[in-house]
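Welcome to this structure. Here are some notes to read beside it, one topic at a time.

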Amino acid sequence: MSTEQRIDERGVRIEGETIPSGPSARLGAPAHDSTPSVWRMWCYLVWFSMQQHARARQMVWMARGLLIITVATVAVNTANGRWTMAYRREPRWLAVNVPGPTIAESLHGVRVAEIPPAVLGSTPAAGVHEAIWASAQAALDHSGLVVFSQGIVFSVFLSFLLPIWCLSFATEALGAEREGSSLVWLLTRPIPRPAIYLAKYVALLPWALVQTLGGFALICAVAGWPGALAFRLYWPAVLWGTIAFCALYHLMGACFRRAAIVAICYSFFLETILGNMPGYMKRVSLGFYTRCVMFDAAGQYGVQPEKPSVYLPVDGTTALLVLIGLTVVLLAVGMVVFTRTQYQDVA
Amino acid sequence: MLFEHVSKWYGPVIGVNEVTLELRSGITGLVGANGAGKSTLLRLATGQLRPDLGVVRVRGQHATTAAAKRRVGYCPEVDRFYEDMSGRQFVEAMTRLCGYPRGEARRRTGEVLELVGMAGRAEPRLRGYSKGMRQRIKLAQALVHDPELLVLDEPLSGIDPVGRAEFVALFHELARRGKCLVVSSHELEELEKLTDHVAIMARGRIAAVGTLAQIRELLDDQPLSIRVNSDQPRKLAGDLLRLEDVVGVELGTEDALVVRARNPRRFFRAFTGLVLEEAYDVRHLETLDDSAEAILSYLLGARR
């Protein structure tokens, strides 16, 4: 601006010169290197957007409330020693209104009641029996990860908390600007729209990751050893799942005025329904790939889908590549959508 | 700034219809009734909207590009901010979002706040500001990157008379420095104090552009309303209806009548002759719409 025109004494505009003086001219007169830089404005937009996220909104407080409830629930279970299969009933029902024995009761029965004294007295037979019992007991003792994974990680964290936490931040990134009609300030700055979209995404990620990884760490921390092992095995899946979910919900923020509602509907209906469909339908679900990364990481500990032949998991590397690829695609689509959409509700 | 055959639809509703308009340095008033398409035109000018047909250019570049936006300062009508920020923080943030380093942004913010009269009052949070203070902050952020083109949507709305005078002086100063200002308002009276160069919008079209006098001349074929108080209103009404340019006469209360005539200059010549010839006692003569508002009203097709 300052180098492109000046006004002479008669008020005639002259190209290629600098503005000499006056209040407006002062604004254009740099004290030092003050050339506007696109990179600088993008970095500032990231920082500015991160500060906007710091002013926590309703959805974020709800997310934190859910974390507190989950941590409390896990803590109670840990205190009661529930991270074991010993309490599972197998079979679940013996007859109508007659529950089956727990695995612990069955094992106890095997050890005490059901072995004839004549056999028990035989040393080799007793040795085999002891070995079977001890291995069963050892398996039971190490079943904590499976129980914690199935009871908390897959059914509560991955199906519910992770999507909710991601959407709390991701839909707010653009949604709050649209609802507050403050998007006009960004759209009229000399920043390309794809850069605005990307900056908003980059700014929301640290908050979302702190919430998901931090929340997951907290839940695992109160779960004792199964939690510690689960965190060590699953944190990469949580990381990439968060990145992919945030890209999806950020896109929803660009597409819909009430993005949070659309995202909640998507999470609890489409993700849940598609994610539990037999066959290949579930492969359109982000949760499926996140889960597959977890299965791959914890396979050696016996963590696997209930019915692998029905669930048809993909291997961890494939799942990870799909999550990364989907993130890139979702971001690219979001940039196009945000660039092409004319937000008539902002000014 | 150049609008070339620009049209913009909102679904089946047309917001701007085949607008061709070139804006150069100086102040241009954009006036029109609510829904005339002023805000749509301004949002096209600032690159927030893309035209469905035609093209909007700022110094040859499409208005939606970052390069064009760098040349444009926009003061929107919408009264929404990041309410937790102070006025100074907001303007500084907007400056940094133009790509300036912190030190430069602070310097510009300080200067522009002084320019709009907010230097000592920009520290509290925006949510506590009066309408006038918010308008000043909006203007400050529009000016802070020293744009060539200032697009101001109802900038004087909510400003007290003293503030208005300051703003008008500032706009004149900016125009004097070669900046191009587009100021929208639905009150022509307000714009008349600022500029005599106006673009009148009606139903999405630019109905007229030019000085008020030029527009007036263009309107010679449009009916003009004149109130006449006379000792013989009924007889005068009859005589007036025989004049070539009179399109209607309405008898008012007591001695008043309102005559609607085309081609004002020719009508007044004929009217003067009639009064002298018939020796009417004309006690009061007033053109009801010889004002910018009347021009607008005519162009909008409104009945007076």
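How many of the 6 residues of strand β8 (residues 180-185) of chain B are buried?

1. A strand in the interior. In β8(B), 6 of the 6 residues are buried, so the strand is largely enclosed by the rest of the structure. Please keep in mind that this is a predicted model, in which local features need pLDDT of at least 70 and side-chain atom pairs count only at pLDDT 80 or more, while totals for chains, interfaces and linings use all residues. Residues are numbered from 1 along each chain as its sequence is written, and chains are lettered from A and ligands numbered from 1 in the order in which they are written. A residue is buried if 20 or more other C-beta atoms lie within 10 Å of its own, exposed if 12 or fewer, and partly exposed in between, with C-beta atoms placed from the backbone. Helices (H or I, at least four residues) and strands (E, at least two) are DSSP runs, numbered from the N terminus.

2. Its two faces and its partners. In a regular strand the side chains alternate between the two faces of the sheet. In β8(B) both faces are covered, with B:C180, B:V182 and B:S184 buried on one side and B:L181, B:V183 and B:S185 buried on the other. Two strands pair if DSSP finds at least two bridges between them. Strand β3 (residues 26-32) of chain B runs parallel to β8(B) and is joined to it by 6 bridges; here B:I27 stands opposite B:L181. Strand β7 (residues 149-153) of chain B also pairs with β8(B) in the parallel sense, over 5 bridges, and B:L152 has B:V183 as its bridge partner.

3. An antiparallel sheet. Chain B has an open sheet of 4 strands in the order β2-β1-β4-β5, with antiparallel pairing. Its edge strands are β2 (13-22) and β5 (61-62), each of which pairs on one side only. Between β4 (residues 53-58) and β5(B) there are 2 bridges, and B:R57 has B:H62 as its bridge partner in β5(B).

4. A helix on that sheet. Helix α1 (residues 38-45) of chain B packs on the sheet, touching β1 (2-10), β2 and β4 of chain B, and its direction makes about 60° with that of β2(B). Contact requires C-beta atoms, placed from the backbone, within 7 Å. Axes are lines fitted to C-alpha atoms, for helices over the stretch in contact, and angles run from 0 to 180 degrees between N-to-C directions. Because 8 of the 8 residues of α1(B) are buried, the helix is largely enclosed by the rest of the structure. Beyond α1(B) comes B:G47, with a positive phi near 75°.

5. A helix pair in chain A. The secondary structure of chain A comes to 14 helices and 4 strands. The axes of α10 (residues 225-255) and α12 (residues 286-298) of chain A come within 8 Å and cross at roughly 170°. The two helices are therefore roughly antiparallel to each other, a label for angles over 145 degrees; under 35 is roughly parallel, 65 to 115 roughly perpendicular and the rest oblique. Their contact divides into 13 nonpolar, 2 polar and no charged residues. In this count Ala, Val, Leu, Ile, Met, Phe, Trp, Tyr, Cys and Pro are nonpolar, Asp, Glu, Lys and Arg charged, and the others, Gly among them, polar.

6. The cores. A nonpolar core is a set of buried Ala, Val, Leu, Ile, Met, Phe, Trp, Tyr and Cys residues joined through C-beta atoms within 7 Å. The largest has 156 residues, of which A:C166, A:L204, A:C246 and B:A140 touch the most other members. Helix α7 (residues 144-179) of chain A gives the most to this core, with 18 residues. Apart from it lies another core, of 11 residues, including B:I226 and B:L236.

7. A residue to look up. A:F157 is found in α7 of chain A and counts as buried, with 24 C-beta neighbours inside 10 Å. Leaving aside neighbours within four places in sequence, A:F157 is in contact with A:I152, A:L162, A:F216 and A:I219.

8. Where the chains meet. The contact takes 39 residues from chain A and 41 residues from chain B. On the side of chain A that touches chain B, β1 (5-7), α1 (23-28), α2 (38-54) and α8 (183-187) of chain A each supply at least two residues. That side divides into 20 nonpolar, 14 polar and 5 charged residues.

Technical notes
Contact = placed C-beta atoms within 7 Å.
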